[in-house]
Amino acid sequence: MHTPIDPDVADEAPKDDRVTPYDEQHFITYLRLLDAEKAGADWHEVARIVLHRDAADDTERSYRCWKSHLDRAQWLSKTGYKTILTQAANASRH
């Protein structure tokens with residue numbers, strides 16, 4: 001699987017209860033968001049650098065984008081990763 005380093009993002013992250021192909025393409029994005037959150041980075045800067053959104057140009061849309069992707073990153077780190085591990089275990093059995 002090839003994971004892009006700095007992919008463009010949709011306006012909102014998936015809300016599925018499973019790991020999606022979009023999630024797989026954005027694992028690095030999610031990690032960067034979690035790192036920025038832990039460091040206390042300003043969401044405006046994170047949106048600009050990580051999500052390629054200009055909060056000064058469209059604050060509401062940029063915030064929704066940042067928040068949905070951060071929420072998704074947190075879901076993956078707390079719950080979604082179990083799906084990834086299960087998939088990997090199943091793949092190694094075949």
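Contact here means heavy atoms within 4.5 Å.

**View 1. Overall fold of the predicted model****.** The protein chain holds four helices and zero strands. From the N terminus on, its elements run α-α-α-α. The C-alpha trace spans about 50 × 20 × 20 Å along its principal axes.

**View 2. The surroundings of Tyr30****.** Tyr30 touches Ala13, Pro14, Tyr22 and Asp23, among others. Its partners also include His69, Arg72, Ala73 and Leu76. Residues up to four places away in sequence are left out of this list. Tyr30 is also among the residues with the most contacts inside the largest nonpolar core.

**View 3. The largest nonpolar core****.** This core has 18 residues. Tyr30, Leu33, Val46, Leu51 and Trp66 have the most contacts inside it. Helix H2 (27-39), helix H3 (43-49) and helix H4 (59-93) each supply at least two residues of the core. H4 gives the largest share, five residues.

**View 4. Surface and charge****.** The accessible surface of the protein chain comes to about 6,000 Å². Carbon and sulfur atoms hold 52% of that area. The chain carries 13 positive and 17 negative side chains. The centres of these two sets lie 7 Å apart.

Definitions and conventions:
Residues numbered from 1 in each chain as written. Predicted model: local features only at pLDDT ≥ 70, side-chain atom pairs only at ≥ 80, totals over all residues. Heavy atoms only, no water. Areas by Shrake-Rupley, 256 points an atom, 1.4 Å probe, with all protein chains shown as cover. Lys, Arg positive; Asp, Glu negative; His and termini not counted. Charge placed at Lys NZ, Arg CZ, Asp CG, Glu CD. Core = buried A, V, L, I, M, F, W, Y, C linked by side-chain atoms within 4.5 Å. Buried < 20%, exposed > 50% of the residue type's maximum accessible area, 1.4 Å probe, protein only.
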